[in-house]
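Let's take a friendly tour of the pockets in this protein. Here is the model to keep beside you as you read.

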Amino acid sequence: MTAPDPITVSVVQHRLIGIVEEMGEAMLRTAFSQILNSSRDFSTAICGADGRLVAQAEHIPVHVGALPLATEAVCEAFGDDIYPGDVFLLNDPYFGGSHLPDLTAFVPVFIDSELSFWTVNRAHHSDIGGATHGAYNAAATEIWHEGLRVPPIRLYDRGELRQDLLQMLKANVRHPRDFEGDLSAQIGSVHLGERRLRELAAEFDGPILKQSADKILDATEQQVRAIVDMWPDGVYTGEAVLDDDGRGNDDIVIRVTVTITGSQLTVDLRESDPEVASFLNSSYANMRSAVAMAMAFLLDPEIAKNDGAMRPVDIMAKPGTIVYSKPGAPVTMSTSHCSQEIIEAIVVALSQACPERTMAGWGRRLRIALKGFDPRNGRPFIWHMFHARPGAGASSGGDGWHNSGEWHSAGGLKFGSVEVAEVRFPLFFHHHEFRPDSGGDGRYAGGAGCDLTFTVETDEACVANTAGDGLRYGARGMMGGEDGAPHSYLLRRPTEEAQPLSSKQEGIPVPAHSRFEVHSGGGGGWGPPAERPASSRTRDRKDGLSTGCDQEQS
């Protein structure tokens with residue numbers, strides 16, 4: 001059999017990327033929930049028969065790094081009992097899931113009667129049951145408080161829907177119509193990927209397609225090793241700190257030691273703090289994803305994000321720590337925190353080896369989930385706040401992006417239209433604008449966070465939850481840059497003074513016509529502030545990103 005030539009491999013690589021991007025477009029256009037069809041909290045990928053990540057679309061990085069372990073979990077659970085027409089699901093973080101709201105759909109792709117690939121879609125559902133709406137239960141002390149656990153299961157058996165299983169899933173969520181619509185969008189997306197892969201195999205021949213996938217991964221590995229080999233051998237350490245665990249314990253620390261030996265890296269997280277009795281813990285799969293993200297941020301952007309990129313990386317972690325919790329621990333917040341702090345600690349460590357490749361920290365996640373009844377139609381609603389995104393970290397390449405979100409999503413999460421949100425939900429947005437002086441100062445400034453004020457236009461009281469971090473610690477400055485401003489969230493109930501909101505709170509009473517005032521943090525600065533050009537400071541003031549007070553004092 002003739003091996004594929006480099007041109008064929010390149011064509012196949014771009015076609016695979018085109019397939020996962022088309023899967024994402026199908027998902028975007030058919031999903032029911034705002035969190036998916038507006039905020040785009042989903043990811044699509046193609047994995048090999050053995051679970052290796054072959055191609056992914058540019059969606060949510062924290063999803064994708066865990067997909068190989070999830071695919072392996074399905075393969076291990078079903079072995080040879082896998083057939084054309086099957087559709088598998090899972091969300092359990094201890095079987096390769098991210099957290100319970102992220103439900104993953106898998107379709108096996110058979111070429112010449114042989115299992116050759118998997119098409120995969122991971123999507124964050126608006127509700128997954130559990131003790132509180134929206135799954136982010138700040139009071140959770142075990143995973144069973146957070147929602148429905150779905151280990152690897154078969155939803156479609158050789159093309160036949162297991163209706164009883166679907167009914168069981170719908171019975172355990174608060175909005176079954178939206179759940180079923182979003183799940184159908186996922187299944188449609190992975191089936192589309194399956195069809196496109198079969199068409200590709202018919203065009204290039206199945207063995208050539210599989211050999212090309214192997215060569216794509218090998219080439220990525222070679223590119224990554226060439227970069228790592230340029231970094232000085234040594235042992236580098238870094239830390240990142242979470243505000244608190246929501247249980248009265250402050251300063252939860254992630255510690256990493258990175259050892260570089262030639263073209264191989266060892267990332268050792270074993271000295272991180274013990275797991276906590278709240279939802280900040282991370283499963284192994286989510287931790288691995290955070291390590292993969294940190295590596296991606298330090299490599300050339302043109303390098304493919306696939307299994308080959310992780311071959312030069314060995315991970316060491318200790319069960320029972322916050323980065324690798326024991327099964328049963330709550331983990332819902334981990335896709336944001338402590339994932340972001342794992343990334344930060346690794347980037348801080350490697351800033352000593354490759355300073356020009358490092359970027360400053362991105363603003364932290366602090367979400368609001370609001371549940372109530374819409375007086376315009378009498379229907380219940382759950383609204384997840386994706387507006388007021390924090391700022392991105394600066395880098396040696398320039399200032400951070402404004403209002404871009406957190407490190408773990410890298411701009412993949414969108415806040416959507418204010419006007420559309422007002423049509424869909426009983427909300428009125430007074431303003432949504434960049435927050436002055438929120439980005440950390442530096443040679444290159446961190447991106448600005450946002451100032452947002454909105455009123456809840458219901459006739460009855462609602463209930464809110466907060467989930468996140470960053471009220472005490474802002475985004476990390478790098479290479480002499482200053483930290484970004486931390487968040488400040490306020491709730492102004494009618495006839496009352498504004499009250500500050502904590503970052504990990506559930507069951508917050510929200511009377512009708514209450515007003516939220518959200519001030520999201522900015523990204524960290526990069527490089528000494530004294531090196532920022534005067535022309536850049538003038539532009540900052542002109543654009544309303546800076547009042548000039550901080551810079552004049554420095």
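Which residues lie nearest the centre of the largest pocket? They are A296, F297, K305, M359 and A410, among 46 lining residues.

## About the model

This is a predicted model, in which local features need pLDDT of at least 70, side-chain atom pairs count only at pLDDT 80 or more, and totals for chains, interfaces and linings use all residues. Residues are numbered from 1 along each chain as its sequence is written, and side-chain values use heavy atoms, leaving out hydrogens and water.

## The largest pocket

A pocket here is an open set of points on a 1 Å grid over the protein atoms alone, where a 1.4 Å probe fits, with protein on both sides within 12 Å along at least five of seven lines; lining residues have an atom within 4 Å of a point. The largest pocket holds about 920 Å³ of space, a volume being the space filled by probe spheres set on the points, with grid points joined across faces, edges and corners.

Its lining divides into 24 nonpolar, 14 polar and 8 charged residues (nonpolar: Ala, Val, Leu, Ile, Met, Phe, Trp, Tyr, Cys and Pro; charged: Asp, Glu, Lys and Arg; polar: the others, Gly among them).

## The second largest pocket

For the second largest pocket, the volume is about 570 Å³. Of its 18 lining residues, H175, R177, D178, P380 and F425 lie nearest the centre. The lining comprises 7 nonpolar, 6 polar and 5 charged residues.
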